[in-house]
Amino acid sequence: MFKTLLPAMLLALASLAFCTMAHAQLGAPPVAAPTADVEVHQLPSTAKPVSFNADKATNAYLSRISGAARARSDAYFEGGYVLLVVDTLYALVVMGLLLWLKISARMRTIAQNVTRSRFWQVPIYFVMFFVLVTLATFPLSVYENFFREHAYGLSNQNFAQWLGDFGIQFAVSAIGATILITLLYAGIRAAKRGWWMWGAILTIAFLAFVMAIYPVFLAPLLNHYKPLPESPVKQQILSMARANGVPATDVYEYDASRQSDRISANVSGLFGTTRISVTDNLLKRGTPREAKAILGHEIGHYVMNHVIVNLLWLSIIYIVGFWFADRAFRFLTGLFGGNWDVRTVDDPAGLPVLYAAFAIYIFFATPFINTIIRTQEAQADMFGVNAAREPDAFATSVLKLSEYRKLDPSPLEEWIFFDHPSGRSRISMMMRWKAEHINDPDIKAGPVSPQ
């Protein structure tokens with residue numbers, strides 16, 4: 001009985017005490033809670049602010065290339081301005097001779113004597129055309145790509161080696177161009193007056209095909225490719241690739257040094273043929289940081305779909321170009337067709353007219369084409385520095401590229417002739433990025449920029 005009542009008695013006493021306390025609190029006036037003054041102090045910074053001037057750093061980097069080296073670089077690049085005009089005029093002269101001497105008409109007649117098929121007449125004509133034009137422009141090719149390169153110390157090949165590469169390029173170009181032109185004239189015959197639209201579409205599709213097969217089937221014709229041996233640099237490159245969705249499981253090295261000492265790398269391919277490649281020059285002449293910086297740029301091209309974007313821009317450029325060539329053909333053959341023995345656009349003997357018209361169009365479109373490419377290169381630069389976080393390594397790489405690229409052009413000069421941002425523009429971009437990240441731990445621990 002006692003054990004049963006004891007818990008009940010304790011519960012009753014506890015309830016009575018709680019009620020009494022509650023009644024007392026309800027009847028008492030409110031009392032303010034105790035307060036205390038709290039002092040707030042800013043914790044002292046453990047990082048000392050770093051002073052960095054992006055403009056000074058840019059100018060200091062550019063000053064590293066001066067005197068004879070700067071003069072030689074500027075002269076080489078500026079010579080390209082003249083060659084742009086010379087190449088266009090030379091092509092017009094060659095096409096004019098083929099027309100006015102009726103060489104083109106005679107080649108068409110030969111093709112007609114071989115076969116009655118209009119389809120097969122085109123490749124027969126074009127092979128003769130391609131060989132003849134190659135022979136006519138060969139002296140200019142030798143000067144531009146052999147003697148001039150040697151004069152500026154940019155080639156490692158003797159003439160026999162250069163001629164071997166030229167022969168390979170000639171064979172590949174002849175096969176590819178013959179297929180394209182044959183299909184193009186088939187389209188012209190089928191589409192009649194609207195041929196220029198279908199011709200542009202066919203050309204873009206062909207270019208996309210070439211881009212897809214290039215890294216696997218075409219590039220190895222001129223250089224030997226092999227997997228890059230395991231190294232920290234390779235792992236850093238693959239890590240950047242994986243982090244940015246590049247479907248490449250290996251990095252390839254190729255022997256570009258057999259042609260020149262130029263440093264380079266690329267992420268090439270389409271539709272499952274993507275390949276990351278670096279030149280042996282980059283690995284020999286560049287630092288691991290520079291290799292990482294350059295590959296960050298190349299990965300940027302892939303991530304931002306610049307190959308597809310370029311194809312879309314080229315579609316517009318080629319559509320306008322083919323339209324211009326069609327109008328120019330109709331106008332010129334209306335004036336001189338009787339002298340050339342060329343009347344209709346589906347006559348392969350009129351190819352020199354289309355070629356000349358397109359050469360003129362491309363010449364005047366060059367600033368716009370360069371601007372499209374240059375804009376994408378700047379985008380890839382910015383992507384690369386964010387991916388690799390190596391602004392100084394990219395700046396020193398730009399200085400190595402100055403062996404054949406002018407560092408500090410005028411704005412108008414850059415707009416017309418540069419398909420990449422100038423050295424000043426690229427280094428300035430890197431230094432501005434660094435100024436905004438100067439207190440990041442990895443940037444503070446990295447190379448010190450000149451000031």
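Which residues form one aromatic cluster with Phe 170? Tyr 125, Phe 126, Phe 129, Phe 130 and Tyr 355 form it together with Phe 170. This is a predicted model, in which local features need pLDDT of at least 70 and side-chain atom pairs count only at pLDDT 80 or more, while totals for chains, interfaces and linings use all residues. Residues are numbered from 1 along each chain as its sequence is written, and side-chain values use heavy atoms, leaving out hydrogens and water.

Rings of Phe, Tyr and Trp (its six-membered ring) pair if their centres lie within 6.5 Å; planes under 30 degrees apart are called stacked, over 60 edge-to-face, and the rest tilted. By this rule there are 29 aromatic pairs. Helices here are DSSP runs of H or I with at least four residues, numbered from the N terminus.

Trp 340 also forms a tilted pair with Phe 336, at 5.5 Å centre to centre and 40° between the planes. Both lie in helix α11, four residues apart, about one turn of the helix. Trp 340 is buried, at 5% relative accessibility, whereas Phe 336 is partly exposed at 29%. Buried means under 20% relative accessible area, exposed over 50%, and partly exposed in between (1.4 Å probe, protein chains only).

Key: Helix = DSSP H or I, 4+ residues; strand = E, 2+ residues; numbered from the N terminus.
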